[in-house]
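Me: I would like to go through how the labels on this model were assigned. Please set each value against its cut-off.

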Amino acid sequence: VEVSPATLVKLSDDIAAIGTLLAEESVSIAPETSGRIAEILFSEGNTVAAGATLFKLDADLANAALAEARARLALADANYGRNQRLRKSGNVAQTTYDEALTELEVARTAVETAGVQLRKLTITAPFAGTLGFRAVSSGAYVTAGTALVQLDKVDRLRVSFSVPELEQARIAPGQKVEVAADALPGETFEATVAAIEPSVDVNGRALKVRADLDNAALKLRPGLLVRVTVRGLQRDAVMVPEAAIIRRGENAFVYVATAQTAKQSKVRLGKRVPGAVEILDGVSAGSDVIVAGNTRLTD
């Protein structure tokens, strides 16, 4: 026979899952009003700051509308001033004075509205991020809601994955998880569990989890498939080689070599790792278990 010692090792009950990387913030830039693209002020694939101007729509009509609204405001303001002076001397009716005041307020509102419409013709980045490929060219006429370019915040990513419902007690916000991508072999990244879906997905009997990942080095990209490992608490575990286990029905046994004798011991198995099995009960650490020739042995 051949023997191998049962060893005491540190073991943790990890949860393995497959996930997807998502941008922390992602938006399709679109105009709020229709118009012709007058200027495109960015390069595809570049990083832009929050508030950076991306597109400018033709503003001739909006500028004309604003100028007209300002002229009407000046006229209404002058008319109101005259009526205010006449009111002090009692030479104007209250109704006339109220109408002049109303016209002034309406004119002010018209100027504000025209200014808002003019500002909406300048399309800016709502947050700092990286731009994708633009979908329009300069001179194109676009309608409200037309997707112009995609903006993603990629210096921080979200890891979206699911764990079986039976593991829900072993995962909590703030917990650290390891992330690895097949696109970057040999590299691992650390993420932190940010949120857990309050309800279980009834189709897959799984709990959806989101983790935050720092991507300041920009090595990872949204959409990548990743392998997620949720580390459990470490514990002391007795491990024996897989070859030492003998199955008889639903029971498992090992033979322990003691002073040239083989003692059969019923064992309770725990976690399996490549080439070894955890023994929960039946064998103590340091015992020599038989790993070859054990199929022809008796107690």
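Me: Which residues of α1 are called buried, and what makes them so?

Reply: In helix α1, the buried residues are A62, L66, A69, A76, Y80, G81 and N83. The word means under 20% relative accessible area, with exposed meaning over 50% and partly exposed in between, using a 1.4 Å probe and protein chains only. Helices (H or I, at least four residues) and strands (E, at least two) are DSSP runs numbered from the N terminus. This is a predicted model, in which local features need pLDDT of at least 70, side-chain atom pairs count only at pLDDT 80 or more, and totals for chains, interfaces and linings use all residues. Residues are numbered from 1 along each chain as its sequence is written, and side-chain values use heavy atoms, with hydrogens and water left out.

Me: What do the buried residues of α1 pack against?

Reply: They pack against α2, residues 94-119. Contact here means heavy atoms within 4.5 Å. Seen from α2, the buried residues are Y97, A100, L104, A107, V111, A114 and G115, and these pack against α1. An α-helix has 3.6 residues a turn, so residues three or four places apart point the same way.

Me: How do you know that the span of α1 agrees with its length?

Reply: The expected span of a helix is 1.5 Å times one less than its number of residues. Helix α1 (residues 60-89) has 30 residues and should therefore span 44 Å; its end C-alpha atoms are 45 Å apart, which agrees. For α2, with 26 residues, the distance from first to last C-alpha is 38 Å, close to the expected 38 Å. After α1 comes G90, with a positive phi near 80°.

Me: Why is R205 called partly exposed, and why is A259 called exposed?

Reply: R205 has a relative accessible area of 41%, so it counts as partly exposed. The value for A259 is 70%, so A259 is exposed.

Me: What makes the approach of N215 to L220 a polar contact?

Reply: A polar contact is a pair of N or O atoms within 3.5 Å; within protein, one must be able to donate a hydrogen and the other to accept it, and residues adjacent in sequence count only if both atoms are side-chain atoms. A polar atom of the N215 side chain lies 2.9 Å from the backbone oxygen of L220. Another polar contact, of 2.8 Å, joins the side chains of S12 and D14.

Me: Why is S12 called buried?

Reply: Its relative accessibility is 13%, so S12 counts as buried. S12 lies in strand β2 (residues 7-12). Beyond neighbours within four places in sequence, S12 is in contact with G232, L233, Q234, R235 and K271.

Me: What makes V177 and V48 buried?

Reply: V177, in strand β11 (residues 176-181), has a relative accessible area of 1% and is therefore buried. V48, in strand β5 (residues 47-48), is buried because its value is 12%. Leaving aside neighbours within four places in sequence, the contacts of V48 are L54, A125, A128, G129, L131 and L151.

Me: How do you know which residues line the largest pocket?

Reply: On a 1 Å grid over the protein atoms alone, a pocket is an open set of points with protein on both sides within 12 Å along at least five of seven lines, whereas a cavity is a set where a 1.4 Å probe fits but cannot get out; lining residues have an atom within 4 Å of a point. The lining consists of G45, T130, L131, G132, Q150, D152, V154, L218, L220, R221 and P222. The largest share, 3 residues, comes from β10.

Me: What is the volume of the largest pocket?

Reply: About 280 Å³. Grid points are joined across faces, edges and corners, and the volume is the space filled by probe spheres set on the points.
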